Amino acid sequence: MRFSRPCWTHAFAISTLILSHLDVAQATWDLNSANSTCTKLVSQLGSALVVQTGPVYMIGVESAWSSFNSIRRPSCIVYPRTSTHVQVAMRAIYRDNVHYAVQSGGHSAMRGWNTVDDGVLIHFRFMKNVSYDAIKDTVTLEPGVRWGEATAALQPFGVTTPGGRLGDIGTGLLLGGGLSYFSPAYGFSADLLKEADVVLVDGRLVTATATNQYSDLFRALKGGANRFGIVTRYEMYAIHTGPPNTTPFYGGLIIYPEAQAEALLNATARYVRDVHDPNAAMLIALTFSNTNGAVVGTHMVTLFYRGTSLPAEVFGDFLRIPNSLNRTSPIDYTQACNLLGPGDDRGHGQLFGASAFSGDVGLYHNAYLQFKNFSTTFKSSLNGTVLAFTPIPESQTAAGRQRGGNAIDAPLRNYAAVQFYNQFVDDLTSVPGPVENGRQLVLSRMPRSPGLPLYINECDSKQNAFSTYGGYDFLKRTYKKYDPTRFNVRFTDGPIGL
Ligand SMILES: Cc1cc2nc3c(=O)[nH]c(=O)nc-3n(C[C@H](O)[C@H](O)[C@H](O)COP(=O)(O)OP(=O)(O)OC[C@H]3O[C@@H](n4cnc5c(N)ncnc54)[C@H](O)[C@@H]3O)c2cc1C
């Protein structure tokens, strides 16, 4: 997603550090330890795979989508080519007690979740293979591939495996769930996982499936984010998207003026409440961009239907609202994944926050009010803001359960994942205190409806999304089993709650 002046073209300080004597000792120890671990890793893996400086190091640093992450400086970056390389790195990290992080597509908006200061960054930039096995009807992905690359590589076979809705996003999405245009029919993207190779925190490599001795780990990976190990291979069930050069889907983008916000909020609540068609998917994004000091609203929806038209009983409300642009037509899956552009803009601080709503229309109007107030009050710090709704119909949760379930374990009813997204002005290296307070206030004033899970891929790092999962107790038990010393929680940033 990108804001540009004068309008948003696609829907999408360092503070004073006072260390006690103890903290200084600890920080110095961590730094020394990470540097010496890096030196050992260079001798074990070679200087082509482990870099501490130079242009290849900077590519890894700058690939983090949010500049709040790309300002961090790892002691070294390990670029594995195989699972064995990841095992070597993880054994060293575990043995030496050093901080670490993992990065695939780099799109995490959570500060510190995909990179690290004074630690080891494992970066999957060179593990990008994609293959389709027609006999097993499965797709195998290495973790460094982006969804746009995977979709393009699979298109000649007439298949795909769903990731997100923008091409630049990476496979880290699977570990938080994954919302795609196929989700209402097939579940979260992670629900299509058949097996995964995982390097555990101590460096052991295991293959987890729904039925083998690691079936608990397998389920925990589907929503457990970066807490359960490093995945080096995903084998996914394929979805058939039709022969190349055919357009089996109907969909597109519609843009509305700000004056239609109320009608859009009403239509969204109705859609969330009443639409049960697994062939239909939508993303509703209300945006404010800072255009020469004025806060300008532009709202948009993407629509997707497996069929030859957009059924009026599903999308009629949105089609009737007066719009400023309607670009809907027959499309293929690659086009669907490009409706909002690739989402590859970097160089800004970016933060997310999440909620989850039932179909109660008052929730949508209240959230919009909070969002608009925030966007106006803090405009001088912001390029723009988005309030986005992804309807998650009951069929999505049912499809996931049919495939063995995931850690999120949402209740069996329609709801919407709600994303509150902020893009900051170019030169901001940290979020000013009042703006951060404002963000937290917005999130506290649009709380989730009772019983609904927060979508961890779009949450704020202070939100305890795990505790909102139906599978929270299961997740805690499984974490204890696979990481009894709590190494991951102590040495890498990620979701709180375990
Ligand atoms: C522009 C934009 C559009 C988006 N659109 C969608 C969408 O349509 N649908 C959707 O569901 N989400 C969407 N998201 C959210 C997206 O799911 C998350 O940002 C996701 O975490 C990105 O994965 P990544 O590999 O790109 O990021 P990364 O930052 O590389 O990884 C995300 C997290 O996963 C961890 N991780 C990555 N790879 C591994 C691995 N192999 N093993 C263990 N841990 C790993 C990282 O350490 C990090 O904590 C979008 C985000 C952005 C910025």
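A polar backbone atom of Gly 170 lies 2.8 Å from an oxygen atom of the ligand. This is a predicted model. A polar backbone atom of Leu 179 is 2.7 Å from an oxygen atom of the ligand. Arg 165 takes part through its side chain: an N or O atom there is 2.8 Å from a ligand oxygen atom.

On its own, the ligand has 940 Å² of accessible area, and the protein covers 97% of that area.

## The shell around the ligand

The ligand is surrounded by 33 residues. Arg 165 and Leu 179 are among the closest, together with Val 102, Ser 104 and Tyr 455. By type, the shell holds 16 nonpolar residues, 15 polar residues and two charged ones.

## Domains of the chain

The domain assignment divides the chain into domain 1 (34–123), domain 2 (130–242) and domain 3 (249–472).

## Where domain 1 meets domain 3

The C-alpha centres of domain 1 and domain 3 are 32 Å apart. Domain 1 brings 14 residues to the contact between them, and domain 3 brings 23 residues.

Interface size is often stated as the accessible area that is lost when the parts come together. Between domain 1 and domain 3, the buried area is about 1,400 Å². Carbon and sulfur atoms give 57% of this area. On the domain 1 side, the residues that lose the most area to domain 3 are Trp 65, Phe 68 and Arg 111. Together they make up 48% of what that side buries.

Key
Residues are numbered from 1 along each chain as its sequence is written. This is a predicted model: local features need pLDDT of at least 70, side-chain atom pairs count only at pLDDT 80 or more; totals for chains, interfaces and linings use all residues. Side-chain values use heavy atoms; hydrogens and water are left out. A residue is near a molecule or strand if one of its heavy atoms lies within 4 Å of it. A polar contact is a pair of N or O atoms within 3.5 Å; within protein, one must be able to donate a hydrogen and the other to accept it, and residues adjacent in sequence count only if both atoms are side-chain atoms. Accessible areas come from the Shrake-Rupley method with a 1.4 Å probe; for residues, only the protein chains shown count as cover. Ala, Val, Leu, Ile, Met, Phe, Trp, Tyr, Cys and Pro count as nonpolar, Asp, Glu, Lys and Arg as charged, and the others, Gly among them, as polar. Domain bounds come from an automatic or database domain assignment. Contact means heavy atoms within 4.5 Å. Buried area is the accessible area (1.4 Å probe) that two parts lose on being put together, summed over both.
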